[in-house]
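User: Hey, can you walk me through this one? I'd like plain answers, and I'll jump around a bit.

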Amino acid sequence: MFRNGARPDHATGPAAEALRLVKVTKSYGTADSAVTALDGVTLGLAQGTFTAVMGPSGSGKSTLLQCAAGLDRPDSGIVRVDGTELTGGGEAELTKFRRGRIGFVFQQYNLLETLTVAQNTVLPLKLAGRRVDRRRAREILTAVGLGDRLGHRPDQLSGGQRQRVAIARALVTEPRVIFADEPTGALDTRSAREVLTLLQQAVRVHGRTVVMVTHDPVAASYADSVLFLADGRLAGRLDAPTADAVAERLAHLGDSVTAGV
Amino acid sequence: MRSVRQRPGRFLATLLSAFLGAAIIMTFNSMHDTAGEPGVDAVSSETLGTAAGVVGGYGTLLVFFAVASTLTVNVRQRAAELELLRCAGATPAQLKRMVVGEAVVVALVGAALAIVPAMLGGRLLLEVFQDSGQVAESVDHSFGVIALMSGIHVTLLASAGAAFLALRRVRRGRQRHGRARSFLAWGALAAGAVAACSTFAFSATDGALMAPPAYGAILLSVGLALMAPRLLKGVLGRLAPGGASGWLAVRNLRRRAGELAGILMSLILFTAVSTATLTMQAVESDAVAASGQVKSVDAKNLETLNFTVVGIIVVFVCVMLVNSLYAATTYRAREFGQQRLAGATPGQVLGVVGAEGLVLTVVGLLFGTLAALAGIVPFTLVRGDAVLPEQMAGVWAAVASIGAAATLGTSLATARRVLRTPAVRAVAATA
């Protein structure tokens, strides 16, 4: 007689979207010299997916990531992370929006030199005023293979190790979406493989959503699907990519711009 | 030369210290010129000579330190550029010539700019001496060869020497601070302690009573300043503030204790020298006034000198403090960007900077005050009967607030400006 009135929780629903962009436009510069970096991009990424964004230099990859991650504000259009719309406001508000929802992995690691590995990892929690669970932090660091390096400083680590710290730091806040900007850009192939595997695990094991900007077809082949970007517009999509297929597609991206959209 | 024209802003601090230095040196050395005019009586001549001699000496030293400090910062900021030039085939000698040449050009401009203000300043200074009756009314101010030449020479030499030193310091990095530094530090502390204690050997009315404790305080503050990094670390070991900003600030300071030592040094010296000198002068003046005597010309000279010397030190240390803090904070744009990307709001970043500034200020004031007290207490014990003069409170409050305002104001204002760059770009700029 009584039906349970509570509907299934939005976040756990099967088709829950982790990220949604609607007609996002962004241009830089003023009047005459304005460059359109994003030209009405619309896309949606389901939760628990690993997506690579590819395109030639200047195609708007980084701008897309920055707008989607709340690091920059689009000129027009809507950005929704985990069902919450990213609205205007100062940097402080954007920062508070990002905390807990979004994690970052950058090409240049962006670890603080003055802090140890363990301290760097828990920094986002400290800044957000959340409870710092040191055991959990150690678990994550052990999972990325740095359990024995907790007291080291970033300058005592190799590039690959630093990037793994960055991944641990992105995981510790348990964000909905992890944005990775050329995470393997400065790494040798072996370290790159480890880092990409860790990102894959973040999706498969921890159920995170990962968006990775890259220009490396091999890196992109670790993703579930690849989105191609050219001149600020989406120029196609490739599911279950292989490195060769991605490279092939990338080589002909110029031709397909008109046909692709 | 071209590099100066391209970025005049970078040389502003150096120019400012060269200008101030040249102006002060010329102002006081014009007293030599004035004293050398025919028809100046002996007392006036002596007053003018002492003033010029003492402040001239102090001034040279200060110009040297101030220019050296601003140039070190400048050269360090340009480390990348200098490295590039080295890779492009510039020999060390060429680099040296470039940096020293730039310093000389800036010093020349500073000295040239200083001539007119120094003429006006000299006239004012003479009026002060005349009003207090130290110099006869009939003496006319003259701005002659001595003032001009000494001003230009001292500024040029100090700048060239400072540039030389700055380049060496930057190239050497931080290798040989260890033993020589702690030896100097202990030496200064010991000499300071002896000087302060020797105050007790004088009687209350000795004319030179003020000298030993003043030197004691200065030497002690030099010793403490040399130990600044260690003192800072010691204090930080005991700090465990709450909040993310405080947590981050303490960790930053612990790692950067060596770099921040320069700032702490200026603060300690500033606090000690100005508090000690001004308090002792106030005690002395009050004591003379209480006994109903009239001050002798010598005593008046001493008073004027004390005030001018402290004034000069305050101005220079402020320039140095503001400059090095500004440079240090600008240099951290990338670090601030990283903090913001890790989830710090701009407010939290400012909180970190503020907390760091606060710790620096408190530590600097604390040790500066200790050094000052070491000079003041013996002096007042001998001169009056009290242990702590009541005049000290006001002086200390003024000195402390100037120091705190300079430290906190500069770092927060600079950080605010740095934070205007979007975090992503701040991180990429130097990547």
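Analyst: Helices (H or I, at least four residues) and strands (E, at least two) are DSSP runs, numbered from the N terminus. This is a predicted model, where local features need pLDDT of at least 70, side-chain atom pairs count only at pLDDT 80 or more, and totals for chains, interfaces and linings use all residues. Residues are numbered from 1 along each chain as its sequence is written, while chains are lettered from A and ligands numbered from 1 in the order in which they are written.

User: OK, in strand 5 of chain A, what's the bridge partner of V81(A)?

Analyst: T84(A). Strand 4 (residues 76-81) and strand 5 of chain A pair in the antiparallel sense, over two bridges.

User: What's the strand order in that open sheet of chain A?

Analyst: Four strands in the order 2-1-4-5, with antiparallel pairing. Strand 2 (35-46) and strand 5 (84-85) of chain A are at the edges with a single partner strand each, so one side of each has no neighbour in the sheet.

User: And what holds strands together in general?

Analyst: Backbone hydrogen bonds, in either a parallel or an antiparallel arrangement.

User: Switching topic: which loop is D231(A) in?

Analyst: The one between strand 9 (225-230) and strand 10 (233-239) of chain A. Phi of D231(A) is positive, near 50°, and the residue isn't a glycine.

User: Is D231(A) buried or partly exposed?

Analyst: Partly exposed, because D231(A) has 17 C-beta neighbours inside 10 Å. The cut-offs: buried takes 20 or more other C-beta atoms within 10 Å of a residue's own, exposed takes 12 or fewer, and partly exposed is in between, with C-beta atoms placed from the backbone.
A240(A) also has a positive phi, about 45°, without being a glycine. A240(A) is in the loop between strand 10 and helix 8 (243-251) of chain A, and counts as exposed, with 10 C-beta neighbours inside 10 Å.

User: How many residues does each chain put into the A-B contact?

Analyst: 22 from chain A and 23 from chain B, where contact means C-beta atoms, placed from the backbone, within 7 Å. On the chain A side, helix 2 (91-98) and helix 3 (117-127) are the elements giving two or more residues. That side divides into nine nonpolar, seven polar and six charged residues. Nonpolar means Ala, Val, Leu, Ile, Met, Phe, Trp, Tyr, Cys and Pro; charged means Asp, Glu, Lys and Arg; the others, Gly among them, are polar.

User: Now chain B. How many helices and strands?

Analyst: 16 helices and zero strands. Chain B is divided into domain 1 (1-173) and domain 2 (178-431), with bounds from an automatic or database domain assignment. Their centres, taken over C-alpha atoms, are 24 Å apart.

User: Which element gives the most to the domain 1 side that touches domain 2 in chain B?

Analyst: Helix 3 of chain B, with 14 residues. By class, that side of domain 1 has 13 nonpolar, nine polar and no charged residues.

User: Last one: why is helix 13 of chain B called largely enclosed?

Analyst: Because eight of the nine residues of helix 13 (residues 333-341) of chain B are buried. Among them are F336(B), R340(B) and L341(B). After helix 13 of chain B comes G343(B), with a positive phi near 110°.

Methods:
Pairing = 2+ DSSP bridges. Contact = placed C-beta atoms within 7 Å.
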